[in-house]
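Colleague: I have a two-part request: could you walk me through this structure slowly, and tell me where to look as we go?

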Amino acid sequence: MTTTRTLGAGELLVGVENVSKSFPGAAGDELRVLDDINLELRAGEIVALLGRSGSGKSTLLRTIAGLIAPTSGTVRYRGTVLNGANPGTAMVFQSFALMPWLTVQDNVELGLAARGVPPTQRRDQALAAIDLIGLDGFESAYPKELSGGMRQRVGFARALVLEPDLLLMDEPFSALDVLTAENLRTELMSLWAGERFPTKAICIVTHNIEEAVLLADRVVVLGANPGHIRAEVPVALARPRDRHAPTFATLVDQLYDILTGREPDLQVPEPTEATPTARPLPPASVGGLAGLVEIIYARGGRVDLPDIAADLNFEIDDLLPLVDAAAMLDLLLVTGADLTLTPTGKAFTTANIQTSKQIFAEQARHRAPLVRTICRALAASADGNLRAGFFLDLLRRGFSTDDAQQQLDTAIDWGRYAELFDYDTDTDQITADPGAGLHHGKVA
Amino acid sequence: MTMLRTFPTRGALARPARGAADVVVFLGAAALLWLVVRLAHGAAVPWNPATAPASISTDPALLPYYAARSLLRMFVALVLSVLFTFVYATAAARLRRTEKVLLPMLDILQSVPILGFLSVTITGFIALFPGSELGLECASIFAIFTSQAWNMTFAFYQSLISQPRDLDEASRLMRLSRWQRFWRVDVPGGMIPLVWNGMMSFGGGWFFLTASEALSVNNHQYALPGIGAYVATATADGELSKVLLAIGVMIVMVVGVNVLFWRPLTAWAERFRIEYSESAEAPRSLTLNLLRRSRIPAALGTVFGRLVFPVDRAMAPFGLAEHPLRTDPVRRRAGDVVFSVAILLLIAYGLVRMVGFIEETAGFGEVGHALFLGLVTFARVVVLVAVATVVWVPVGVWIGLNPRVSRLAQPVVQVLASFPANFLFPLITAVLLATGISLNWGGILLMSLGAQWYILFNVIAGASAIPNDLREAAANLRLPRALWWRRLVLPAIFSSYVTGGITAAGGAWNASIVAEIVSYHGVTLTATGLGAYISQATSTGNAGHILIGVAVMSLYVVGLNRLFWRRLYALAERRYSLT
């Protein structure tokens, strides 16, 4: 059993063929989230879908689950094209998704009730699953009485009791604290190694690189805009895996490299040239950005990305936007998994607050495409005033409504800090800051 | 933790109390059953419109019976409202096409004055059950139903469409059947808004119950055995002491229903809270504690629990709560077109018929007249809301900021809000008659008797929700009184105030139908206004005027909501929300 698992040559459970997914955009166009994905999930393997936010990994998991329909392409379960929730899967959710009004046991029994299993048999099966996952004694508790870790155990029991061919997990450990997550991961792996584990394969979505290497036989790295498969990295380490083994660290570094590195076949324009839609602003606050630069400076101007992520206990989804933003503003340089402070970055973090603001303003004004666009539009306007809705309309051509709003919010945050322009919520007006010298019209 | 805490109550210590609880619960249930059977019997007495009594006996000994009959009407209407809510809200939330029709319709239904419904439908109901009092009974129940159903339906619909996405996905992946999905996910998820809105609407329902028990329709006086008719008859006879007696009984009834029914229900509904954390101030109820201590509910649970599985299986043919991933876009589009054309044709046909009807009966000059009268009533509503704001906002803030006072005042205000104001009309009318004040002004007071409490109630809630750290910060900054109001209190209570204002204004429009024309001991006072217009049209059976009056009033309410209240609401959400 274990040998076939590690070889990954089991029967084909789910086949994802040329799947693309688009959502209708706010301006009537199509926003592509997934682009031509091909993926096979076989019995006996654990596959991790790794990617940053916006890479469509959750969307991909939900097309596999049959919860959302692909715009083109097909998803097959054992050869049959899905037209509804995938009957061979069960899902463990990041937010647990337990019915708060049902006890632990009723929650676990719910899926069996849906299958029409008679009550006595249902109870026996549920108790067995509760026993397997270590929830003995909590049968009559309500989810709100449990800690996060215990709740997620209920989530696992509810999925496993159905004995699905394929267990889907959507960032199942990311809502838990570090110790609880580690504990649950280890237990899951020892169950998987044992004979009693009732599913044939697992597909897990994660943005935690170490978690992917720890759990998976195969890591599928997804790239963003639109979501596509960038790389498939097999993990041939023996279980149980040791985080401190050199081979483990090599794999982690390799995955960081893939995630932060530029894709060779993708043309990304320089920030000084790009349009706001071609180079979106990373969703980073000025405070977080400045904090990161400060830490790198304090550590001698050069750090290893996996190290700093582990030290700060940051998920890559939290850290990478900061790194991207700092790189966009030329405050630091990213080479593989290494971060190096640039001279501008050093000046930025060592200067006093006014000078550091000026440096930030200079960088943002030239290197952050959306900030640059806003500054130019304000300069060209009659009185240094423009409606924010105007920029939102422009952004909607390339982003969904929420993303467009987030882009604008980030730009306003940066622009306000840099004292380039200000924004008035009540009137929805963006106004050039008189001190920035953007506008030489009637405003003094 | 919790398991340890509940351990002693399940042990031997609690046993003796349990037996007593069982007896109380059992006796209570038996008495309730007898009462329902006895009262239901009374509703089917032979009856015909020509000889029907215009009044009922005002023997005080009959008052408990009348009160019980009224109460039964309230609960029948509540059950109907819940059923309506389930069907209508589910259809609106789950069927893509019907949503486009059902939602706007609900929006309009909500702004039609409730007594307007009664005017339009009562003759139909009487015709439906010839020779039986049931027709009148149904009309009365329908009036209460219309005062409860729309709110509850909106609340349940909201909970359905804002269901957490992960719960929806989990239910679909587990392949729950439609039946299972409804009872295990949809209803529990919407339980809290359903119960709270049910409770508030039930309070409002008393008003319409009492208004609908004694009516003059088509030049005929009707009276149903009930506490509202009792007050109406006592008023006509000029017996103020009997009116006061009925007010006392009414207070007992409102408080009793609250203690025995709504408090336990709201406390019980806490278990359906979606958030994983306990709310800080969960409602508690002695009645619920008694029920929980008794073995009878658990025993009933076991008996009915056995039925769940067979019923699940029987309902399986309704299909899975799932929609196909792939649909044929051409067929879908064609279906949409056919559906919208059918709906538009229906609306056009209805409009043509209505215009024709008005032209034949009242003529369009009447619409202008009604619009003018509407303006007069509108002025009353404005004065009422303004005065109530000036009076009750400071009081509400004071109560809300003093936890001890608000603990005492909250239930009192709740009773005041659900106490039918029309019971107090005779007292005020007697004063108006004695002092010679015109009803044109006195009407404002009558309308405000029921409506103003919503403002107070919501301001208290808003003020007590002001975060303590903000208050401490204000104290620390030594804000002077004027600044404290302008920068802290008024912004913080703004959104609760708007909610109260909308409800108060809606209530005032509704009340105008009974408040702009009142009589006491044979003397009738009439004010100029749209409410009096509708009321007169109903009593003379002038269908054209009823239609125009009700339509114009709905127009005013919808228009004001859209142009004024919704904008305030949006402003409150955008600028003054505390979260």
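Modeller: Let us start with one residue, keeping in mind that this is a predicted model: A:Asp165 has a relative accessible area of 11%, and because buried means under 20%, it counts as buried.

Colleague: And which residue does A:Asp165 meet in a salt bridge?

Modeller: The partner is A:Arg78, with N and O 2.7 Å apart. A:Asp165 sits in the loop between H5 and strand S7 of chain A, while A:Arg78 sits in the loop between strands S4 and S5 of chain A, so the pair ties together parts that are 87 residues apart in sequence.

Colleague: Is A:Arg78 buried or partly exposed?

Modeller: A:Arg78 counts as partly exposed, at 36% relative accessibility.

Colleague: What about A:Arg185, which residue does that one pair with?

Modeller: A:Arg185 forms a salt bridge with A:Glu211, and their closest N and O atoms are 2.9 Å apart. Because A:Arg185 lies in helix H6 of chain A and A:Glu211 in helix H7 of chain A, the pair links parts that are 26 residues apart in sequence. A:Arg185 is buried at 7% relative accessibility, and A:Glu211 is buried at 5%.

Colleague: Switching topic, how much area do chain A and chain B bury between them?

Modeller: They bury about 3500 Å², of which 61% is on carbon and sulfur atoms. On the side of chain A, the residues A:Leu67, A:Trp101 and A:Lys144 supply 22% of the area that chain A buries against chain B, more than any other three residues. The contact takes 41 residues from chain A and 32 residues from chain B.

Colleague: Now the inside: which residues touch the most other members of the largest nonpolar core?

Modeller: A:Val219 and A:Val371 do, in a core of 297 residues. Helix H19 of chain B, residues 481–515, gives the most to this core, with 16 residues. Leaving aside neighbours within four places in sequence, A:Val219 is in contact with several residues, including A:Ala48, A:Leu50 and A:Leu255.

Colleague: Last one, how many residues of helix H20 of chain B are buried?

Modeller: In H20, residues 530–540 of chain B, 9 of the 11 residues are buried, so the helix is largely enclosed by the rest of the structure. Just after H20(B), B:Gly541 takes a positive phi of about 70°.

Conventions: Residues numbered from 1 in each chain as written. Chains lettered and ligands numbered in written order. Predicted model: local features only at pLDDT ≥ 70, side-chain atom pairs only at ≥ 80, totals over all residues. Heavy atoms only, no water. Buried < 20%, exposed > 50% of the residue type's maximum accessible area, 1.4 Å probe, protein only. Helix = DSSP H or I, 4+ residues; strand = E, 2+ residues; numbered from the N terminus. Contact = heavy atoms within 4.5 Å. Buried area = accessible area lost by both parts, 1.4 Å probe. Core = buried A, V, L, I, M, F, W, Y, C linked by side-chain atoms within 4.5 Å. Salt bridge = Lys/Arg side-chain N within 4 Å of Asp/Glu carboxyl O.
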